[in-house]
Amino acid sequence: MAKRITATYLTSLAAVLCLVSHSIAQPVTVTVRALPPYSPYLSDWQSHPGRILITLQSAPSSGILQVRLAGSIEGLDNGVRIATRESYRPSRPLILNPGVVHEITVAELSFLFEEASLEFTGISREEIVRGGGLPEGQYRICVQAFDFNSSASLSAPAPSGCSISFPIRYLEPPVLTGPADGGSVPETTPQSVVFRWLPPASAPATTRYTLQIVEVSPPDRNPNDAMNAATTPVFFERALTMTQYVYGPADPALQNGRRYAWRVVADDPGRSVVFRNSGQSEVFSFVYGETSLLLSASPAGLAFDPTRISHRIN
C-alpha cells in the first residue's frame, strides 16, 4: 500500500512540475473567442472583425516581447484546415509589455484571412477564392504566439489558444408549393397566377427571395435545362421579401398553351446564413391555359405528356 501511495504521489508531483515548467516556458497566454453568426466565408470574418476576439497577455516577469502570430481555422469533423504558412512573416512585430493585456486589432488580425499567408488542407485555395465557403462541420479558431526573431514558441499550442468549437451549417433552399409541378394553370382575364413557396427553416426575417420564370421551348425540353440555359434577363424575375407573388396583368403576358418553368432563389443580404445549392429551389413547370395546344408545339407533332418528365434537381 505504501509503495502504491508513493508511486501515485510521485506521478502527481511529476505532472505538477511539468505544468509549472510548461508555464515558465510559455510566457504568453492567448485567448480566442468566436462570436455568431458563424459564416463559412473568410471574407465575412475579415469584414466583421468583431466576430473574433483575440487577446494576448504576457507574464509580468517576461520583459518586453516582440511577437508574431500564427493562426488556423480547423474543421474538427471534416478534415479541413486553413492555417498560416510556416514561412509567413509579418512586416513588423507586435509589442507586448509585461503583464499588459493586448487586444488584437483589425490590421493585426488580417494575417488569418489573407490568401497569400495561408496554406489549405482538405479544401483547395480555388474553392475559397471562388467564394464556395467552408463545408459544413464543427470548427475552431486557434492562435499561437511566437518570438518575432527566433520563432521560438511563446504560447502553448492547441488546444490552448483555441476558441470553443462552433458550427457552420447551410440552410435548405425554399420549397415550392404552387403552381404544382407538371400541372396546368387556367387562363384568366386579366391574368392572375399565384406563386407560393415555403421559407427555409431558421431563415432570418431579412431573407430575400428571387422568383424566376422562363418559357420552356420546345415544350418537351427538360425544365432544368431551360432554366439554366436562359438568357439574361430571363422572361420574368422579381426580388421579394414575401413567400408568395401574385403574377398579374402588369407582368409579362403568359401565352395560352405555353409551358413555363419557375424557381425561387433565397439569399440573405446580411450574410448571416448560407443556403444549400446557392439558395436555388427545385425547378417546377406548368402549362398555362389549354394543354392540348402543346401537341402542335412539340417537335414532329409528337404527343407530349408533361407528367412524364422529371423536373427535380438531383
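Is Ser-278 buried or exposed? Ser-278 is exposed, at a relative accessible area of 60%, where exposed means over 50%, buried under 20% and partly exposed in between (1.4 Å probe, protein chains only). Here are some notes to go with the model.

1. **What we are looking at.** This is a predicted model, in which local features need pLDDT of at least 70 and side-chain atom pairs count only at pLDDT 80 or more, while totals for chains, interfaces and linings use all residues. Residues are numbered from 1 along each chain as its sequence is written, and side-chain values use heavy atoms, with hydrogens and water left out.

2. Strands here are DSSP runs (E, at least two residues; helices would be H or I, at least four), numbered from the N terminus, and two strands pair if DSSP finds at least two bridges between them.

3. **E1 against E2.** Strand E2 covers residues 52–58 and pairs with E1 in the antiparallel sense over 7 bridges.

4. **Strand E17 and its partners.** Strand E17 (residues 259–267) has 8 of its 9 residues buried, so the rest of the structure largely encloses it. Strand E14 (residues 208–215) pairs with E17 over 8 bridges in the antiparallel sense, and Leu-211 stands opposite Val-264 of E17. E17 is also joined to strand E19 (residues 284–288) by 4 bridges, again running antiparallel. There, Tyr-260 has Phe-286 in E19 as its bridge partner.

5. **The disulfide.** The count comes to 1 disulfide, taking a disulfide as a pair of cysteine sulfur atoms within 2.5 Å. Cys-142 is joined to Cys-162, with an S to S distance of 2.0 Å. Cys-142 sits in strand E8 and Cys-162 in the loop between E8 and E9, so the pair ties together parts 20 residues apart in sequence. The torsion about the S-S bond is about 105°, so this disulfide is right-handed. Both Cys-142 and Cys-162 are buried.

6. **Two cis peptide bonds to check.** Ala-158 and Pro-159 are joined by a cis peptide bond with omega of about 15°. Pro-159 lies in the loop between strand E8 (137–147) and strand E9 (166–168). The peptide bond from Thr-189 to Pro-190 is cis too, with omega near -5°. Pro-190 has its place in the loop between strand E12 (183–185) and strand E13 (193–198).

7. Asn-277 is not a glycine, yet its phi is positive at about 55°. Asn-277 lies in the loop between strand E18 (274–275) and E19, and is partly exposed at 42% relative accessibility. Back to Ser-278 from the opening: this residue, also other than glycine, has a positive phi near 55° and is placed in the loop between E18 and E19.
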